[in-house]
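These are my notebook entries on one structure. I set down what I looked up, entry by entry.

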Amino acid sequence: MLSVRFWGVRGSIPTPGQDTVIYGGNTSCIELRADERLVIIDLGTGARPLGDWLMENDLKKYGKIETDIFLTHTHWDHIMGFPMFNPIYTVGTQLRIISPVTLEADSLKSVIETQLSYQYWPIRAGELAAKVTYSQINETTMDLGGGLIVKSKFLNHPAFCLGYRFEYKGKSAVTVYDHEMYRNLFTDDEAKEEGEAAAEEENEKIKQFIKGADIVIHDAQYTNEKYQRHIGWGHCSYEQAVKSTAGLGIKKLVFFHHDPVNTDSNLLEIEKSFKGNLETEILMAKEGLILEA
């Protein structure tokens with residue numbers, strides 16, 4: 001069985017408080033299971049409750065915590081939970097952190113472990129009990145063993161950012177965030193035509209990447225109206241997410257990376273407005289939600 005559980009669904013910054021109780025205020029963190037095999041996608045603040053749960057469950061069941069962690073990218077809301085991920089302070093923990101290359105000269109290891117320096121945190125990276133290894137990847141296909149395959153695809157974001165397609169026993173779950181649909185950037189008439197063709201080609205590549213998936217977790221931070229004020233920020237509107245996945249045979253489309261300003265009542269209203277799609281079941285990601293492919 002392939003399943004996903006959401007531990008953090010918010011974008012940009014944690015949003016605790018009485019207005020985010022239903023959907024949650026933690027930033028990106030997803031637990032994926034291929035039967036008993038554990039994979040984690042992103043280490044936002046949702047990694048803290050996930051880590052606590054793993055300590056009470058996986059550690060007791062298996063005697064250790066071992067997992068691959070796929071980071072979509074290294075923007076702060078996707079890595080800030082790492083210092084509070086309890087398994088890193090436990091002997092026997094083995095973490096393999098995998099991420100796209102960074103924009104700067106710093107290595108992935110340096111980017112993550114800088115959080116564990118005295119300027120920001122009381123425990124240094126060298127003091128961790130866990131064994132942590134780092135790998136930087138581009139677009140690729142990886143065989144994780146046991147029949148679990150992961151494919152990566154570059155997305156459109158103001159940093160190198162990867163979407164991931166996990167395939168297991170004929171089932172698939174795909175992440176497409178942080179992502180903004182490709183668009184023409186040229187104003188000159190001659191270049192504009194070429195730009196539109198290039199954008200269409202890249203959008204088609206994304207469609208092929210997610211085609212036929214059982215679960216697609218898609219960036220949907222804005223309404224169409226708000227998106228017009230945030231063009232170029234690297235995120236989609238709900239309407240764009242629906243449009244870009246239409247006709248692709250997707251079973252479940254999950255709106256993800258919620259805008260920090262969107263309250264529970266806002267998200268409830270938006271979710272209701274998209275109900276009734278006969279082709280694809282549309283859901284709003286919420287902390288604690290478990291989906292089976």
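**Entry 1: Salt bridges**

I searched the whole structure, which is a predicted model, and the search returned 18 salt bridges. Side chains of opposite charge can pair when their charged atoms come close.

I first looked up Lys64, which pairs with Glu66 in a salt bridge whose closest N and O atoms are 3.3 Å apart. I then checked how open each partner is. Lys64 is partly exposed, with a relative accessible area of 34%. Glu66 is also partly exposed, and its relative accessible area is 35%.

Next I turned to Glu167, whose side chain meets that of Lys151 in a salt bridge of 3.6 Å, N to O. This pair links distant parts of the chain, since Glu167 is in strand 9 and Lys151 is in strand 8, 16 residues apart. Glu167 is partly exposed at a relative accessible area of 22%, and Lys151 counts as partly exposed at 30%.

Glu167 has another partner, Arg165, and here the closest N and O atoms are 2.8 Å apart. I noted that Arg165 has 11% relative accessibility, so it counts as buried, the limit being under 20%. I also recorded a network: Arg37, Lys64, Glu66, Asp68 and Arg96 are joined into one by salt bridges that share partners.

In soluble globular proteins, nonpolar side chains tend to be buried together.

I listed the contacts of Phe166, leaving aside its neighbours within four places in sequence; among them are Leu2, Leu32, Val39, Ile41, Phe70 and Leu148. Lys171, Ser172 and Ala173 are also in contact with Phe166.

I looked up which residues of helix 1 (residues 47–56) are buried, and found Ala47, Pro49, Leu50, Gly51, Leu54 and Met55. Their cover includes strand 1, strand 2, strand 3 and helix 2.

For helix 6 (residues 238–245), I asked how many of its 8 residues are buried. The count is 6, so helix 6 is largely enclosed by the rest of the structure. These buried residues are Tyr238, Gln240, Ala241, Val242, Ser244 and Thr245. Just after helix 6, Gly247 takes a positive phi of about 75 degrees.

**Entry 2: The cavity**

I counted 1 cavity of 30 Å³ or more. The largest cavity holds about 60 Å³ of space. Its lining consists of His179, Met181, Asn203, Ile206, Lys207, His218 and Ser244. Ser244 is also among the buried residues of helix 6. Helix 4 (residues 189–210) gives the most to the lining, with 3 residues. By type, the lining divides into 2 nonpolar, 4 polar and 1 charged.

**Entry 3: Backbone angles**

Most residues other than glycine have a negative phi, and most peptide bonds are trans. I looked for departures from this pattern.

Ser12 has a positive phi, near 75 degrees, and is not a glycine. Ser12 lies in the loop between strand 1 and strand 2 and is partly exposed, with a relative accessible area of 25%.

Asp42 is likewise not a glycine, yet its phi is positive at about 75 degrees. Asp42 sits in the loop between strand 3 and helix 1. Is Asp42 buried or exposed? Asp42 is buried, with a relative accessible area of 0%.

I also found a cis peptide bond joining Tyr177 and Asp178, with omega about -15 degrees. Asp178 lies in the loop between strand 10 and helix 4.

**Entry 4: An exposed residue**

Last, I looked up Glu225, which is in helix 5 (residues 224–227). Glu225 is exposed, with a relative accessible area of 61%. I took its separation from Thr140, 85 residues apart along the chain, and the two C-alpha atoms are separated by 35 Å.

Definitions and conventions: Residues are numbered from 1 along each chain as its sequence is written. This is a predicted model: local features need pLDDT of at least 70, side-chain atom pairs count only at pLDDT 80 or more; totals for chains, interfaces and linings use all residues. Side-chain values use heavy atoms; hydrogens and water are left out. Buried means under 20% relative accessible area, exposed over 50%, partly exposed in between (1.4 Å probe, protein chains only). Helices (H or I, at least four residues) and strands (E, at least two) are DSSP runs, numbered from the N terminus. Contact means heavy atoms within 4.5 Å. On a 1 Å grid over the protein atoms alone, a cavity is a set of points where a 1.4 Å probe fits but cannot get out, and a pocket is an open set with protein on both sides within 12 Å along at least five of seven lines; lining residues have an atom within 4 Å of a point. Grid points are joined across faces, edges and corners, and a volume is the space filled by probe spheres set on the points. Ala, Val, Leu, Ile, Met, Phe, Trp, Tyr, Cys and Pro count as nonpolar, Asp, Glu, Lys and Arg as charged, and the others, Gly among them, as polar. A salt bridge is a side-chain nitrogen of Lys or Arg within 4 Å of a carboxyl oxygen of Asp or Glu.
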